[in-house]
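Here is a short briefing on a protein model. Look at the sequence and structure first, then read the points.

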Amino acid sequence: MKFVLMLAGSLLGLAIGYIPRRLHQPRPSWWRIIAILSVAVVVVLAIYPPLAGSTIDAVIQHRADSTKSVPVLIRATQLQASPDEQGTFLLPAEDARVAKRPIMLRAYQPVLDAIAAAGENVPVVVRVRRAESDLVFQADEVVAVDPVVTLPYIMGLEERSRILFFHVPMSWIATIAYLLSMIYGISYLRKRTIESDDISVAMASVGTLYAILATLTGAVWAKFNWGSFWNWDPRQTSIFILLLIYGAYFLLRSSIEDRARRARLSSAYAIVAFATVPFLVFVLPRLLPGLHPGSADDSTAGPLLSLTSDSLNSTKQVIYSIALFAFTLVFFWLANLRIRTERAMRMTRVSEDPS
Amino acid sequence: MPFLTSNAIYVVLITALVIWAGVAIYLQRVDARLRELESRIDR
């Protein structure tokens, strides 16, 4: 199901990206509105939903760091409670995440009031810490009342897990862009139509933009997850090599004056360059031990490919698929602008040239 | 405003949406200018 959703988001983006078919033509206005709105939807869905784990997460967190509270989704099953000698109230509740696991909440008056204001059996996200047993939790703060969407709590990752919706589509679409650059390179070498070269260079150029954005977002994330912006993790090293390879592509293009020769050589280079992409993106970072999710010493294959990890629950899968779709459309828009610019530049040069 | 003070995540959300609105409007304008240029070339 996970792969079906992810593939659907990506393929739908590609399908709508190619409408209207000729990439040299301007995208219609309805198409541009869909692109703009879908990115806005992704931004809202990636940032607004509160994190909410289960009380099991709170128990596990307690073993690692007992001072840290965990947001959990619970329902208060009864709101009447009398205070004990420390002035706390014991409130019966159930875990809304784990098959209605019955628990007790220990809360001070303000937190109790906030839960009571939400009402009985209404789901609330409360920051809790495990108290005297695995079924009693100290409630610190009410984070959200009856949230429409929540994201799973991942220990050690927490709010930083939201990077998934931006960083991963960037690198995935960059890979597709390099593939398309190769395909149009082959097409140029076969038919020698200069339009294919326009498309090939546009795909490589916007693909490189996306790869740079993936690198930068990853570096910011790494600072707060691993401790430094850059530490030559296999994933960072491989994308660095990838950027060098495609940097050489643009260097090659800029060094050749003759249009046909430039198109021929850079098409050939685009084909050779793509041969390294699957290895650098999918194979090398998985063969070597590293910090990036899905490395050789990671216990799972990473949140996207793992069949056992539930860190990518259905809510996240849906948002991630919309993100793939949205950023694919933006990619095609940027590529379209680049293709048309290439063509316009060519046409104006032709009209200036008396021969 | 007190709502935004206690729910800082909405400030992030608004910031991100404003940036995207700016980028989207810019893209629209570039697209429109390019169309204008193309119509001159193809004439």
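Predicted model: local features only at pLDDT ≥ 70, side-chain atom pairs only at ≥ 80, totals over all residues.

Residues are numbered from 1 along each chain as its sequence is written, while chains are lettered from A and ligands numbered from 1 in the order in which they are written.

**Overall shape**
- Chain A has nine helices and five strands (DSSP runs: H or I of at least four residues for helices, E of at least two for strands, numbered from the N terminus).
- The radius of gyration of chain A, taken over C-alpha atoms, is 26 Å, well over the 20 Å of the globule rule for 355 residues, so chain A is more spread out than a compact globule. That rule is 2.2 Å times the number of residues to the power 0.38.
- The C-alpha trace of chain A spans about 95 × 45 × 30 Å along its principal axes.

**Domains**
- Chain A is assigned domain 1 (2-49 + 157-352) and domain 2 (55-145); the bounds come from an automatic or database domain assignment.
- The C-alpha centres of domain 1 and domain 2 of chain A lie 43 Å apart.

**Contact between chains**
- Chain A gives 16 residues to the contact and chain B gives 16 residues (in contact: C-beta atoms, placed from the backbone, within 7 Å).
- On the side of chain A that touches chain B, α2 (29-47) and α9 (314-352) of chain A are the elements that give two or more residues.

**A helix pair**
- The crossing of α6(A) and α7(A) is left-handed (the near helix is turned anticlockwise from the far one by less than a right angle; clockwise would be right-handed).

Terms used
Contact = placed C-beta atoms within 7 Å.
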